[in-house]
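The sequence and structure come first.

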Amino acid sequence: KETEEVFKVKKSSYSKKIVKQLKKEYKEDLEKSKVRTEVNSPTDVEAPLEKTGQIKDIGQEDGTANSEHGEEEMEVESEKEEEKPKAGGAFSSALSSLNVLRPGEIPDAAFIHAARKKRQMARELGDFTPVDSEPGKGRLVREDENDASDDEDDDEKRRIVFTVKEKSQRQKIAEEIGIEGSDDEALVAGEQDEELSRWEQEQIRKGINIPQACIYQPAEVNNLYYQNTYQTLSYGSSYGIPYTYAAYGSSETKSQKTDNTVPFKTPSNEMTPVTIDLVKKQLKDRLDSMKELHKANRQQYEKHQQSREDSTKAIERLEGSSGGIGEQYKFLQEMRGYVQDLLECFSEKVPLINELESAMHQLYKQRASRLVQRRQDDIKDESSEFSSHSNKALMAPNLESFGRDRVIYQEQVKRRTAEREARRARRRQAREQTGKMADHLEGLSSDDEETSTDITNFNMERDRILKESSKVFEDVLESFYSIDCIKSQFEAWRSKYFASYKDAYIGLCLPKLFNPLIRLQLLIWTPLEGKCRDFETMLWFESLLFYGCEEQEQVKDDADISLLPTIVERVVLPKLTVISENIWDPFSTTQTSRMVAIVQKLVDGYPSVVNAENKNTQMLLKALLLRMRRTLDDDVFMPLYPKNILENKNSGPYLFFQRQFWSSVKLLGNFLQWYGILSNKTLQELSIDGLLNRYILMAFQNSEYGEDSIKKAQSVIACFPKQWFANLKGDKTISQLENFCRYLVHLADTIYRNSIGCSDVEKRNAREHIKQIIKLLASIRALDHAVTVANDHNVKELKILIEGK
């Protein structure tokens with residue numbers, strides 16, 4: 001019957017054979033445990049487990065004797081168990097492992113689970129009662145006696161509690177579904193919970209039989225008003241229920257044995273009497289607390305009122321000022337859209353403007369290059385024609401031996417000669433009509449006349465470019481290409497909201513913004529031509545002249561004040577740089593004078609141009625110097641002829657020589673026109689070292705010594721700036737003019753020698769020539785050479801000549 005209660009399982013889960021086998025194994029183990037309990041063990045619980053050799057005898061004081069006795073029992077039992085056949089199944093294998101375990105061997109998880117299962121079965125059958133074990137006695141047996149002291153703490157934790165407990169809900173469910181030993185840790189935790197629950201149930205059952213009193217807790221302060229009306233009664237007395245619940249959970253209650261119970265007395269129902277003073281005191285305390293709360297609420301109310309007033313004032317102030325901010329925001333948004341549209345327009349139109357400007361510059365460059373090339377060809381033709389030592393075949397190195405190309409070359413030379421003579425004839429005729437024939441010298445004219453065909457082609461191409469330029473903004477509204485309209489937009493911004501205008505750096509952006517529009521108006525502006533307008537009279541200049549000059553007080557560091565100088569620096573200077581490098585002809589006195597005038601005007605009127613750190617100014621000066629050096633190297637030519645050839649003043653070589661000499665003197669004067677713009681060192685290097693000492697002095701030495709040479713020397717000295725000699729100290733001139741001064745001294749000596757043996761008239765003329773040479777030396781501050789010439793030729797009017805220089 002007891003076996004059937006233990007193995008109460010579902011018939012559908014196990015087969016009858018397995019249940020029968022489990023019952024058989026359980027009966028055999030139970031019989032063995034009973035026999036062993038009667039012989040060796042003082043309790044019924046320790047006997048089933050002592051055969052494993054893992055638990056000591058708790059009831060005996062001599063641990064050594066019991067351990068030896070236990071070992072003998074285990075050996076006997078193990079021998080008996082080995083003889084029995086082993087049954088199948090999980091539980092039978094676990095039970096059989098109890099007999100196989102040898103002394104000193106550490107049990108595994110299956111062994112421990114089987115031992116717990118077996119102990120649970122014995123507890124349910126009621127074969128033994130729980131044993132109260134003292135601390136430190138129930139420990140696992142270890143073979144090694146030396147490790148006993150080290151593992152005392154571990155043994156304390158591994159103590160087995162021998163109490164009878166019911167199966168937990170989890171174990172019951174596991175047995176019903178046929179699962180054994182699936183989760184050892186969960187089962188251990190469940191067993192501990194079941195033991196605690198069972199102990200609590202036992203304590204409750206014991207307490208039911210003892211009448212106990214429930215202590216009534218007094219009511220809160222809020223219930224004091226109702227104490228006079230109702231008497232406080234205990235729960236048990238009011239409803240007739242006995243006091244059957246005992247407090248549990250404390251250490252004292254748990255340490256008590258189940259048989260010893262102490263009854264509690266029922267507390268009395270007497271309460272503290274309620275008096276009028278007590279009620280008054282409580283009411284007064286409550287009134288004080290309410291007054292304090294009211295005071296705090298009043299302060300909070302006043303604080304909120306003040307915050308409300310401040311917020312109302314802030315709202316009124318912001319509403320009053322929001323109108324201007326809204327208008328400013330609207331205006332700036334409109335300006336933003338306008339500027340974006342303007343930049344998009346310029347991004348499409350600026351490339352077209354650049355192409356038109358490049359085409360116009362190329363047109364002027366081609367015309368200037370054609371004129372320079374024609375002058376160089378004329379010099380080569382005349383030099384080869386009048387030079388007796390030249391080989392004409394060398395002038396045309398690619399000619400064939402049969403003479404076919406030579407004929408073509410000669411025809412070209414004849415054509416160029418005819419055109420050259422025709423141009424000279426027209427200029428001579430024009431001088432005769434104006435009465436300037438007597439003062440003219442061959443070589444001083446620029447020879448820049450063009451044929452009608454070249455003029456017609458040039459005008460047609462220029463008109464085409466101008467026509468294209470007029471179509472650039474034909475598909476654009478006036479507000480996006482008119483300088484006046486664009487200026488009015490930014491003037492409105494400046495006048496209304498100057499702070500944001502300044503913060504946006506509009507004054508620095510306007511020159512770049514107006515740049516393409518101004519370049520389009522300056523497309524045909526060339527200051528080298530006489531009919532060219534002054535850029536200060538153009539529409540763009542007049543429109544921007546008074547920009548930013550309102551009646552109000554000017555702001556310090558206002559960028560709009562320098563708007564026009566910045567535009568001139570960024571637009572006019574680059575255009576002049578291109579003109580001076582590709583179009584300007586240094587041999588032309590007219591072009592040079594106009595070029596010097598426009599640059600001098602910029603230097604005098606625009607301070608940003610004079611700034612040495614200005615990159616555009618530096619580029620302009622470099623372009624001027626490069627063009628002058630290229631002219632000096634490529635266009636200057638001085639022929640050398642014997643004096644007997646030059647005696648005939650109507651011959652071709654003499655005229656060619658005179659023409660080249662005077663063209664060099666004219667170039668010298670053109671170079672020296674840049675005095676005040678270019679540095680003195682640079683001008684002296686170009687004009688004196690590069691031109692006078694290299695070419696003109698060589699022509700002086702081949703010329704006739706006489707009045708003609710003195711006239712030429714006067715023309716050369718007239719080109720020198722007087723400021724060069726005004727600040728000189730001492731009797732010497734500048735070092736570069738020493739060669740020219742020695743030539744003048746040699747000229748005076750030659751004139752004096754040629755006058756010896758001549759008539760008195762010729763001697764007087766020679767003496768006058770010597771005096772003129774002394775004046776020339778004194779004019780260039782070469783006083784040492786003037787004194788030498790005066791002493792050598794016995795000229796007593798030296799002081800008068802020097803002062804009358």
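Apart from neighbours within four places in sequence, Gln660 contacts Ile379, Phe637, Met638 and Pro639, a contact being heavy atoms within 4.5 Å. Gln660 belongs to helix α25 and is buried at a relative accessible area of 6%. Buried stands for under 20% relative accessible area, exposed for over 50%, and partly exposed for what lies in between, with a 1.4 Å probe and protein chains only.

This is a predicted model, in which local features need pLDDT of at least 70 and side-chain atom pairs count only at pLDDT 80 or more, while totals for chains, interfaces and linings use all residues. Residues are numbered from 1 along each chain as its sequence is written, and side-chain values use heavy atoms, with hydrogens and water left out.

The structure contains 7 cavities of 30 Å³ or more. A cavity is a set of points, on a 1 Å grid over the protein atoms alone, where a 1.4 Å probe fits but cannot get out; lining residues have an atom within 4 Å of a point. Points are joined across faces, edges and corners, and the volume is the space filled by probe spheres set on them. The largest cavity holds about 280 Å³. It is lined by 21 residues, and those closest to its centre are Arg375, Ser445, Arg659, Gln660 and Ser663. Elements that give two or more residues to this lining are α12 (276-386), α14 (404-434) and α25 (652-672). The largest share, 5 residues, is from α25. By type, the lining of the largest cavity has 4 nonpolar, 6 polar and 11 charged residues. Here Ala, Val, Leu, Ile, Met, Phe, Trp, Tyr, Cys and Pro count as nonpolar, Asp, Glu, Lys and Arg as charged, and the others, Gly among them, as polar.

## Two further residues

| Pair | Separation in sequence | C-alpha to C-alpha distance |
|---|---|---|
| Arg570 and Thr617 | 47 residues | 9.6 Å |
| Leu691 and Val636 | 55 residues | 8.5 Å |

Arg570 sits in helix α20 (residues 563-582). It counts as partly exposed because its relative accessibility is 40%. Not counting residues up to four places away, Arg570 touches Leu508, Pro511, Asn515 and Asn616.

Leu691 is part of helix α26 (residues 680-702), and its relative accessible area of 0% makes it buried. Beyond four places in sequence, Leu691 is in contact with residues including Leu632, Val636, Ser664, Leu667 and Phe671.

## Whole chain and confidence

The protein chain has 32 helices and 0 strands; helices (H or I, at least four residues) and strands (E, at least two) are DSSP runs numbered from the N terminus. Of its 805 residues, 38% are buried. Among contacts with a separation of 6 or more, 74% join residues 24 or more positions apart. The accessible surface is about 49500 Å², with 51% belonging to carbon and sulfur atoms; areas come from the Shrake-Rupley method with a 1.4 Å probe.

Mean pLDDT, the predictor's confidence in each residue from 0 to 100, is 75 for the protein chain, and 67% of its residues reach 70 or more. pLDDT stays under 50 over residues 9-14, where the model has 8 contacts beyond four places in sequence. Over residues 389-396 pLDDT also stays under 50, with 8 such contacts in the model. Where pLDDT is low, the predicted coordinates should not be read in detail.

Technical notes
1 Å grid on protein atoms, 1.4 Å probe; cavity = no way out; pocket = protein on both sides within 12 Å on 5 of 7 lines; lining within 4 Å.
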